[in-house]
Amino acid sequence: MSVLGNILWIFLGGGIVLFLLYLFGGIILCITIIGIPFGVQCIKLSVLALLPFGREIRTTKWGHGIVSTLLNVIWIVFAGLAIALCHVVFGLFCAITIIGIPFAKQHMKLASLALTPFGHTYD
């Protein structure tokens with residue numbers, strides 16, 4: 001089921017567009033020294049945005065540390081809130097139809113991760 005969901009997500013749920021946007025943002029952020037941790041998180045988000053079905057988000061053992069909290073605050077202020085809000089809006093549009101409900105769930109999963117990416121991992 002997750003393979004079919006991922007194939008449909010790429011074409012109908014905006015997966016390829018999200019992948020390219022996150023990847024482009026990650027590469028741009030990695031150009032600067034200060035932006036490297038944020039760029040790495042964007043690249044991780046791009047992989048998850050391409051194939052989100054069948055993956056779970058988990059908090060790492062250092063997920064509630066001072067460094068990840070500080071990086072999450074910086075992320076929220078500069079990019080996270082806008083990205084998460086976009087995922088919520090797309091999720092609401094997808095939830096209008098019955099067929100789009102699984103896509104809406106994935107957008108909400110991506111919204112929570114886009115809000116605070118540091119200290120989380122996915123399997």
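Contact here means heavy atoms within 4.5 Å. The structure is a predicted model in which local features need pLDDT of at least 70 and side-chain atom pairs count only at pLDDT 80 or more, while totals for chains, interfaces and linings use all residues. Residues are numbered from 1 along each chain as its sequence is written, and side-chain values use heavy atoms, with hydrogens and water left out.

View A. Helices (H or I, at least four residues) are DSSP runs numbered from the N terminus, and serine 46 lies in helix H3. When neighbours within four places in sequence are set aside, serine 46 is in contact with Phe19, Tyr22 and Leu23. The relative accessible area of serine 46 is 1%, and the residue is buried. Burial is assigned under 20% relative accessible area and exposure over 50%, with partly exposed in between (1.4 Å probe, protein chains only).

**View B. Packing of helices H3 and H5.** Two packed helices are described by the angle between their axes and the distance between the axes. The axes are lines fitted to C-alpha atoms, for helices over the stretch in contact, and angles run from 0 to 180 degrees between N-to-C directions. For H3 (residues 36–50) and H5 (residues 101–115), the axes come within 11 Å and cross at roughly 175 degrees. H3 and H5 are therefore roughly antiparallel to each other, a label given to angles over 145 degrees. Leu45, Leu48 and Ala49 of H3 meet Leu110, Leu113 and Ala114 of H5. The contact of H3 with H5 comprises 6 nonpolar residues, with no polar and no charged ones. In this scheme Ala, Val, Leu, Ile, Met, Phe, Trp, Tyr, Cys and Pro count as nonpolar, Asp, Glu, Lys and Arg as charged, and the others, Gly among them, as polar.

**View C. Packing of helices H4 and H5.** The axes of H4 (residues 66–94) and H5 come within 8 Å, with a crossing angle of roughly 170 degrees. H4 is thus roughly antiparallel to H5. Residues of H4 in the contact include Trp75, Ile76, Leu81 and Phe90, and those of H5 include Phe103, His107, Met108 and Leu115. By class, the contact of H4 with H5 has 17 nonpolar, 4 polar and no charged residues.

**View D. Leucine 18 in helix H2.** Leucine 18 belongs to helix H2 (residues 15–31) and is buried, its relative accessible area being 12%. Apart from neighbours within four places in sequence, leucine 18 is in contact with Trp9, Ala49, His87, His107 and Leu110. The C-alpha atoms of leucine 18 and phenylalanine 103 are separated by 13 Å, although the two are 85 residues apart along the chain.

View E. A search of the whole structure finds 0 disulfides, a disulfide being a pair of cysteine sulfur atoms within 2.5 Å. Cysteine 30 is in no disulfide, and its nearest cysteine sulfur, that of cysteine 42, is 8.3 Å away. This separation is too far for a bond. Cysteine 30 is partly exposed at 30% relative accessibility, whereas cysteine 42 is buried at 6%.

**View F. The salt bridge of glutamate 56 and arginine 58.** The count comes to 1 salt bridge, defined as a side-chain nitrogen of Lys or Arg within 4 Å of a carboxyl oxygen of Asp or Glu. The side chains of glutamate 56 and arginine 58 form a salt bridge with an N to O distance of 3.7 Å. Glutamate 56 is partly exposed at 49% relative accessibility, and arginine 58 is partly exposed at 40%.

Methods. Helices (H or I, at least four residues) and strands (E, at least two) are DSSP runs, numbered from the N terminus. Angles under 35 degrees count as roughly parallel, over 145 as roughly antiparallel, 65 to 115 as roughly perpendicular and the rest as oblique.
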